Amino acid sequence: MDWRLYGEFVVFAVILILIPGPDFAVTAKNALVGGRRRGCATAFGISASNVCQGTASAAGLGALIVQSQPLFETIRWCGVAYLLYLAAQAVRSAVRVRQLGLDLNPDETTRSPWRGWQQGFLSNITNPKVLAFYVAVLPQFMTRSTTTVQVLALVLTHAVLGLVWLLAVVATVDRARRLLMRRRVRQTLDATTGVVLAAFAARLAVERA
């Protein structure tokens, strides 16, 4: 493995991961709603999707999907629909909090880790930009002598770095959760999350690979 290229890949991956996107929004939302367990499950779901898409790319399937316009478009519109679904859930939660008129007790909110994992996995697996990253960007850090095992090492590196960042997000949200669960704060956060997710859906809808 070319360690210089690997180091450049790590730096690039960290910069890319730190840019807030749908993964960040979905993880923060689940950490707020369901606490540390659900937030962590969401992060692991996203990481599992990254490994799946990276492995598919290493096996050559990613390039086939990207080159198949109908299939790529189907994935893209599924991603748009799912992000809009999550946005609608966040807005509905904001309305519900307003109707309750009381601060929420963090210990009384839903804590379903499995649901968090599902949301993390689905929001990431239906985002074609992740697959495009592995197909188009990953080769920039490879040489002719790069083996499949080394490609998988790059994929796992990206997945682990992303997981560490999202777990840090979960820990931060969990520590501030009692403050964030106050009615006005929670209502504002839910509404903002809904708008942000809808904006990501709109951007995904108008962008082309």
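**Salt bridges, a helix pair and a pocket**

A search of the whole structure finds two salt bridges, a salt bridge being a side-chain nitrogen of Lys or Arg within 4 Å of a carboxyl oxygen of Asp or Glu. The model is predicted, so local features need pLDDT of at least 70 and side-chain atom pairs count only at pLDDT 80 or more, while totals for chains, interfaces and linings use all residues. Residues are numbered from 1 along each chain as its sequence is written, and side-chain values use heavy atoms, with hydrogens and water left out.

- Glu8 forms a salt bridge with Arg4, and their closest N and O atoms are 2.8 Å apart.
- Both Glu8 and Arg4 belong to helix 1, where they are four residues apart, about one turn of the helix.

**Helix 1 and helix 7**
- The axes of helix 1 (residues 3-18) and helix 7 (residues 148-175) come within 10 Å and cross at roughly 35°, helices being DSSP runs (H or I) of at least four residues and axes being lines fitted to C-alpha atoms over the stretch in contact, with angles from 0 to 180 degrees between N-to-C directions.

**Largest pocket**
- The largest pocket holds about 610 Å³ of space, a volume being the space filled by probe spheres set on the grid points.
- A pocket is an open set of points on a 1 Å grid where a 1.4 Å probe fits, with protein on both sides within 12 Å along at least five of seven lines, and lining residues have an atom within 4 Å of a point.
- Of the 25 lining residues, Leu16, Pro22, Asp23, Asn127 and Val130 are the closest to the centre of the largest pocket.
- Helix 2 gives the largest share of the lining, five residues.

Conventions. Helices (H or I, at least four residues) and strands (E, at least two) are DSSP runs, numbered from the N terminus.
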